[in-house]
Amino acid sequence: MQVIRLEALSDNYIFLLYDAEQNIAAVVDPAEAEPVLKQLTQLNAVLVAIFNTHHHGDHVGGNQQLIQKFPQLTVYGGAEDRGRIPGQQVFLQQGDRIQFSSRTAEVIFVPGHTRAHIAYYFPPENLGETGELFCGDTLFAGGCGRLFEGTPTQMVDSLSKIRALPDNTRVWCAHEYTLSNLKFALTVDGDNADLQRRYDEVTVARNHQEATIPSLLGVEKRTNPFLRWEQKALQLAVKSSDPVQTFARIRGMKDKF
Ligand SMILES: [Zn+2]
């Protein structure tokens, strides 16, 4: 399974999962149909599935047009999103498994950004390879999604599930927000040498218009303040010793950053 990153709208990424042997593809969060159709034409591949993480327009905007073009495809989304995702046929819950090509993904229920948000995790096929996490707007490179429909407690719980995955997991998040996320991260975790180094690397990458997605989960665990609510430095920065309150305060500061 190959993952092809497509740019959409102003700062969205769409991910195309491609199986060259069977000549089939699936798409994660098609913000719009056009880039997907263009890539499918280039590959001469058939789209068999849409995997939606949540109902926001910049994640499902391409659903209808893709369904029209490939009426046989299956649309997957979270069970709690019933009625909110165009064309949804499969209603997924924590622990469900879905199939694409030779790979099986585990569904992780990650409410917080929305009340229905799910993530798709493909464990590594062979020892030493990466796993692939499609987490929508839950975890970003250097950041996390805003809490539109969920509480800090829910989001900490959701991010804890993601944090429990192996370091060698590629994080395919849906937006290119990394540089501004890391700029903010330095304001609450400025003595973190790994974070400082990452900020420098990402600055160079963005100056060259390079994408910073996917990132590695191991790097996120060391540098993303929204996975580090138990760290003393962050708790000190927001004057709390409570993990959830630490997370909530950092999220609140980021909202105003
Ligand atoms: Zn969203």
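Trainee: Which residues make up the lining of the second largest pocket?

Mentor: In this predicted model, Thr178, Asp194, Arg197, Arg198, Glu201, Val202, Thr212, Pro214, Ser215, Val219, Arg222 and Thr223 line the second largest pocket. Two or more of the lining residues come from each of α6 (193–207) and α7 (217–223). The largest contribution, 5 residues, is from α6.

Trainee: How does the lining of the second largest pocket divide by class?

Mentor: The lining has 3 nonpolar, 4 polar and 5 charged residues. Asp, Glu, Lys and Arg count as charged, and the lining includes Asp194, Glu201 and Arg197.

Trainee: What is the volume of the largest pocket?

Mentor: The largest pocket holds about 240 Å³. Its lining consists of 15 residues, with Phe140, Cys144, Gly145, Arg146 and Tyr177 nearest the centre. By class, that lining has 4 nonpolar, 6 polar and 5 charged residues.

Trainee: What makes the arrangement around the zinc ion irregular?

Mentor: The donors of the zinc ion are His54 (NE2), His56 (ND1), His113 (NE2) and Asp137 (OD), at 2.2 to 2.3 Å. Four donors count as tetrahedral if all angles lie between 85 and 135 degrees. The angles at this zinc ion run from 91 to 167°, so the arrangement is irregular.

Trainee: Why are His54 and Asp137 said to tie together parts of the chain?

Mentor: His54 is in the loop between β4 (46–51) and α2 (57–60), and Asp137 is in the loop between β10 and β11 (139–140), so the pair joins parts that are 83 residues apart in sequence.

Trainee: Are His54 and Asp137 buried or exposed?

Mentor: Both His54 and Asp137 are buried. The cut-off for that word is under 20% relative accessible area.

Trainee: How many cavities of 30 Å³ or more does the search of the whole structure find?

Mentor: The search finds 1. The volume of the largest cavity is about 40 Å³. A cavity is a set of points where the probe fits but cannot get out.

Trainee: Which element gives the most to the lining of the largest cavity?

Mentor: β10 does, with 3 residues. The lining includes Phe134, Cys135 and Gly136, and by class it has 8 nonpolar, 1 polar and 1 charged residue.

Notes
Residues numbered from 1 in each chain as written. Predicted model: local features only at pLDDT ≥ 70, side-chain atom pairs only at ≥ 80, totals over all residues. Heavy atoms only, no water. 1 Å grid on protein atoms, 1.4 Å probe; cavity = no way out; pocket = protein on both sides within 12 Å on 5 of 7 lines; lining within 4 Å. Points joined across faces, edges and corners; volume = space filled by probe spheres on them. Helix = DSSP H or I, 4+ residues; strand = E, 2+ residues; numbered from the N terminus. Donors = N, O, S within 2.8 Å, 3.2 Å for Na, K, Ca; no water. Tetrahedral: all angles 85-135°; square planar, octahedral: opposite > 155°, others 65-115°. Buried < 20%, exposed > 50% of the residue type's maximum accessible area, 1.4 Å probe, protein only.
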